[in-house]
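Please read these points with the model open beside them.

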Amino acid sequence: MKKCMTHFAVALFSILTVSPLNNFAQQKQDAKGAVQRIKIHSKLLEGNLSGDSADRYVSVYLPANYSNNVNKRYPVVYFLHGYTDDDAKFYGFKKHWMVLSTILDTVFAQDPAHEMIVVTPDAYTLFQGSMYSNSITTGNWEDFVGKDLVSYIDSHYRTIAQKESRGLCGHSMGGYGALRIGEKNPDVFSAVYLLSPCCLSSSSTLSGETVPAPFLRAESIKTTEEFQKADFFTKALFASAAAWSPNPMNPPFYLDLPVKDGKLQPQVLQKWDANRPLNNLDQYIYNIKKLRAIGFDAGDKDIDIAESIKTLDKELSRYGIQHSFEIYEGDHINRVAKRIEKKMLQFFEENLSFK
């Protein structure tokens, strides 16, 4: 758990609107592609108990030739960011360990026939990440990404509006979200790629009577101010609880932590386990078989996550589902940019329809 946390249609369009004043106010352009950072309002995120805004930033990468040929339409890849990240970090609006748009420019300059639109919503919440799950506490993120965001992008950009031309991917928490959303929406997406996906399986550290230190620290936090001062692991526990064990009757955070009075809470942990994709994979096999392609990878130093995708590989193989799988030399982040450039984008080039 600790390492996972560390290394972590159109019919619905009427519920989404773009801010009329800020539509394309924030833009980042270079000689090749352009990034538009827009703001979208979603009713699915309204009224969340965390008090997070239902007006969400979304970064949209438009390839170099998008503005040159107004009749051309493009496939779309939805890229989900990881825990503590946001869309602005991946597109150069904030300093980060990688800039996705630069990678996209490099790849598409070499192969303009396979240019794609790439979309990333800002899933940073009060708890620093939504886990891309539906929750009364944080909002219906799973449905927002899997349905409403797609409808909005298809309505406002020159996309090839068919599942065969839509891909879904993500890193860490985003990889978890890509599998969770992809396996439930095979009529929306056709290809799914997971980069070092966190949280696929239950944590071995939660067995027995020993309560991990972050759990005990989490129980002691009573205010938002105390939460903001907490360490990474403790914050990640709150994010998981907000997504997987929400409780509208338990202010101020409206969630149930997996520890109470210094003891692990089996009922809460069971709710968390129910949200682990490897635990419920059997129930989604027919949906996964409807996907055109699924791929995933992780670094060998990213031990817990590497082990979890080895299990995912075995389970998919057991069902005879073809997939792309690799454990490479690296940790949770140090090779991800190169994996996107050399592996993930090639995966979508081979498995999405460009017409």
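1. The structure discussed here is a predicted model. The residue numbers used below count from 1 along each chain as its sequence is written.

2. Position of L49. L49 lies in the loop between β3 and β4. The relative accessible area of L49 is 29%. Since buried means under 20% and exposed means over 50%, L49 is therefore classed as partly exposed.

3. Surroundings of L49. With residues up to four places away in sequence left out, L49 touches I136, T137, P248 and Y254. The C-alpha atoms of L49 and T138 are 6.4 Å apart in space, although 89 residues separate the two in sequence.

4. Position of S50. S50 is also a loop residue, placed between β3 (34-42) and β4 (55-62). Is S50 buried or exposed? With a relative accessible area of 15%, S50 is buried, because the cut-off for that class is under 20%.

5. Surroundings of S50. Apart from neighbours within four places in sequence, S50 is in contact with L126, F127, T137 and T138. For T137 there is a further detail: its backbone oxygen lies 2.7 Å from a polar atom of the S50 side chain. T137 is also listed among the residues that L49 touches.

6. G170 in strand β9. G170 is found in β9, which covers residues 166-171. The relative accessible area of G170 is 0%, so G170 counts as buried. Residues up to four places away in sequence aside, G170 touches F79, L80, G175, A178, Y193, L194 and L195. For one of these, Y193, the separation from G170 is 23 residues in sequence and 7.0 Å in space, taken from C-alpha to C-alpha.

7. Helices α4 and α5. Which residues meet where α4 packs against α5? From α4 come E142, V145 and G146, and from α5 come R180, I181 and K184. By class, the residues of this contact are two nonpolar, one polar and three charged. Helix α4 spans residues 141-156 and helix α5 spans residues 173-184; their axes are 10 Å apart, at an angle of about 60°. The two helices are therefore oblique to each other, and α4 passes α5 in a right-handed crossing.

8. A337 in helix α13. A337 belongs to α13, residues 336-351. Its relative accessibility is 26%, so A337 counts as partly exposed. Not counting residues up to four places away in sequence, A337 touches M98 and I103. A337 and L100 are 237 residues apart in sequence, while their C-alpha atoms are 7.6 Å apart.

9. Helices α3 and α13. Helix α3 (residues 100-110) packs against α13 at an angle of about 55°, and the axes are 10 Å apart. That makes α3 oblique to α13, and the crossing of the pair is right-handed. On the α3 side the contact involves L100, I103, L104, T106 and V107; on the α13 side it involves A337, I340, E341, L345 and E349. Seven of the residues in this contact are nonpolar, one is polar and two are charged.

Technical notes: This is a predicted model: local features need pLDDT of at least 70, side-chain atom pairs count only at pLDDT 80 or more; totals for chains, interfaces and linings use all residues. Side-chain values use heavy atoms; hydrogens and water are left out. Helices (H or I, at least four residues) and strands (E, at least two) are DSSP runs, numbered from the N terminus. Buried means under 20% relative accessible area, exposed over 50%, partly exposed in between (1.4 Å probe, protein chains only). A polar contact is a pair of N or O atoms within 3.5 Å; within protein, one must be able to donate a hydrogen and the other to accept it, and residues adjacent in sequence count only if both atoms are side-chain atoms. Contact means heavy atoms within 4.5 Å. Axes are lines fitted to C-alpha atoms, for helices over the stretch in contact, and angles run from 0 to 180 degrees between N-to-C directions. Angles under 35 degrees count as roughly parallel, over 145 as roughly antiparallel, 65 to 115 as roughly perpendicular and the rest as oblique. A crossing is left-handed if the near helix is turned anticlockwise from the far one by less than a right angle, and right-handed if clockwise. Ala, Val, Leu, Ile, Met, Phe, Trp, Tyr, Cys and Pro count as nonpolar, Asp, Glu, Lys and Arg as charged, and the others, Gly among them, as polar.
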